[in-house]
Structures are given as C-alpha cells and as structure tokens.
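Subject: Structure handover

Hello,

The structure you asked about is below, with the sequence. My notes on what was found follow it.

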Amino acid sequence: RAVTEWIAKSAKAPVDLEPAITRLTFDIIVDTMLSGGEYFDRDQMKARISAFFRDIGRIRLSYMFLPDAYHGHRPDAHSKLREPLLADIRRMVTARRSLPARGDLVDLLLAAKDPETGQTMDDALIADNIMGFILAGHETTSVGLTWASYVLAAHPTTAQRIREEVRAVVPQGPITADHAPQLVHTRQVVSEVLRLYPPGFLLTRVA
C-alpha cells in the first residue's frame with residue numbers, strides 16, 4: 001500500500017524516501033506491537049520522537065574538551081524531551097492493564113515475570129521497554145530500508161533479480177516468514193547493504 005502511494009506521488013513530484021520509510025516503519029511497530037496505539041496521537045508521537053533524536057544527537061564541544069565525568073552530571077545529561085514520550089506510553093500501559101489481552105508486545109510485557117522471584121514489571125519499567133522498542137526499532141529498520149532502496153536504484157539488474165526471485169517463491173498472496181529462507185539472493189543483498197551502510201555504525205560508552 002505504501003509503495004503504491006509513493007509511486008502515485010512520484011508522478012507529480014519526487015518522493016523523499018527517508019522520511020516516508022521512517023513513517024512506514026513507525027506505523028508498522030505501532031500497529032503490530034501496540035495494536036494500533038489508540039492512546040496517543042501518531043503524528044504528535046512521531047514528531048516528538050524526531051525532536052528527541054535531534055536533541056540527543058547534538059554534538060557538543062564539551063565532548064572533545066572535557067572529561068567523561070563531566071557529562072554524567074551536567075544539567076542537560078538527559079534530554080528533557082524524553083519525559084513527554086514516556087508519559088504517553090505510561091498512560092497506554094495503565095489503560096491496557098484493565099482491558100482484555102490482545103496478544104501484542106504490551107500484553108507480553110504485562111504478563112512477564114522474573115523467573116526467580118515471580119515479580120512483574122511496574123508501569124514505568126514497561127514504558128521504558130516499549131519506548132526502547134519504538135525508538136530503536138523503527139529508526140534502524142528505516143535506515144536499512146532507505147539504503148537498500150538507494151542501492152537497488154543504483155543497480156537495476158540486482159533489483160530485477162530480486163523481483164524475479166520473489167515472484168518465483170511467492171507467485172501469489174502475501175510474503176510470510178516461511179518464505180524468507182527461500183529468498184536467498186534477497187537475503188544476500190540485505191546483508192551486503194547492512195555491511196556497507198550499517199544503521200548502528202557507532203556505539204559509545206564510558207568505562
């Protein structure tokens with residue numbers, strides 16, 4: 001559906017795939033893991049996430065000129081934009097506790113217990129986990145898909161080979177997880193894209 005919409009829009013003006021794919025992966029996570037996310041406004045949530053990433057991604061001169069100990073205690077060590085995001089998710093978690101199970105990620109976290117103590121997670125911890133899934137899940141996936149689109153556009157022969165493989169493996173109907181092992185060339189292309197343009201290309205830590 002999304003690709004059909006992009007093709008229709010491209011007839012009038014070029015389509016910027018990066019934000020389009022990012023929105024697509026965000027909607028997929030909301031629809032599948034949160035069963036629709038009816039407890040918050042999608043557009044507002046997406047805008048808050050984008051602002052949050054811009055805030056935590058800022059490069060400060062202090063990173064180069066001051067010791068690590070400074071950054072752990074500076075007033076803006078944690079983004080002020082994090083709390084509004086968590087507040088939306090906590091409201092959803094609280095509401096879902098009194099509703100029938102839907103079989104999604106929220107229900108799995110609500111039912112999860114520590115194997116040694118039997119203790120369950122409180123709303124704040126569940127909200128932290130869900131926000132991690134949303135933030136890390138849709139951004140990394142969208143970056144990978146955006147680079148894959150770029151690579152395939154630059155190599156039409158490879159793109160055509162993937163189309164032929166998909167048609168041979170799945171002549172009709174949707175592609176499912178059961179088809180994945182048979183899409184050998186497609187998997188090779190995805191692996192090569194991740195090698196050339198890894199979404200998580202940098203990890204930092206303070207030892």
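**Two loops, two helix pairs and the overall fold**

Lys113 sits in the loop that joins helix 7 (105-111) to helix 8. Please keep in mind that this is a predicted model. Lys113 counts as exposed because its relative accessibility is 58%, and the cut-off for exposed is over 50%. Apart from neighbours within four places in sequence, Lys113 is in contact with Gly118, Gln119 and Thr120. Its C-alpha atom is 43 Å from that of Ile162, a residue 49 positions away along the chain.

Helix 8 also takes part in a helix pair. Helix 6 packs on helix 8 at an angle of about 115°, and the two axes are 9 Å apart. The crossing of helix 6 and helix 8 is right-handed. On the helix 6 side the contact is made by Arg82, Leu85, Leu86, Ile89, Arg90, Met92, Val93 and Thr94. On the helix 8 side it is made by Asp123, Ala124, Ile126, Ala127, Asp128, Ile130, Met131 and Ile134.

Just as a general point, an α-helix has 3.6 residues a turn, so residues three or four places apart point the same way.

The loop between helix 5 (68-71) and helix 6 holds Lys80. Lys80 has a relative accessible area of 73% and is therefore exposed.

Ser35 itself belongs to the loop between helix 2 and helix 3. Most residues other than glycine have a negative phi. Ser35 counts as partly exposed because its relative accessibility is 26%, which falls between the cut-offs of 20% and 50%.

**Helix 3 and its surroundings**

Helix 3 covers residues 42-56, which is 15 residues. At 1.5 Å a residue, helix 3 should span 21 Å, and its end C-alpha atoms are 21 Å apart, so the two values agree. At the start of helix 3, the backbone nitrogen of Asp43 has a side-chain oxygen of Asp41 within 3.1 Å.

Which residues of helix 3 are buried? They are Met45, Lys46, Ile49, Phe52 and Asp55. Helix 2 (17-33), helix 6 (82-96) and helix 8 (123-154) are among the elements that cover these buried residues.

Helix 2 packs against helix 3 at an angle of about 120°, with 11 Å between the axes. That angle makes helix 2 oblique to helix 3. The contact involves Thr22, Arg23, Phe26, Asp27, Val30 and Asp31 of helix 2, together with Arg42, Asp43, Met45, Lys46 and Ile49 of helix 3. The crossing of helix 2 and helix 3 is right-handed.

**The chain as a whole**

The protein chain has ten helices and zero strands, and along the sequence its pattern reads α-α-α-α-α-α-α-α-α-α. Its C-alpha trace spans about 55 × 50 × 40 Å along the principal axes. Of the 207 residues, 30% count as buried. Among contacts with a separation of 6 or more, 61% are between residues 24 or more positions apart.

Regards

How values were computed. Residues numbered from 1 in each chain as written. Predicted model: local features only at pLDDT ≥ 70, side-chain atom pairs only at ≥ 80, totals over all residues. Heavy atoms only, no water. Helix = DSSP H or I, 4+ residues; strand = E, 2+ residues; numbered from the N terminus. Expected span 1.5 Å × (residues − 1). Buried < 20%, exposed > 50% of the residue type's maximum accessible area, 1.4 Å probe, protein only. Contact = heavy atoms within 4.5 Å. Polar contact = N/O pair within 3.5 Å; in protein donor to acceptor, adjacent residues only side chain to side chain. Axes fitted to C-alpha atoms, helices over the stretch in contact; angles between N-to-C directions. Parallel < 35°, antiparallel > 145°, perpendicular 65-115°, else oblique. Left-handed = near helix turned anticlockwise from the far one by under 90°.
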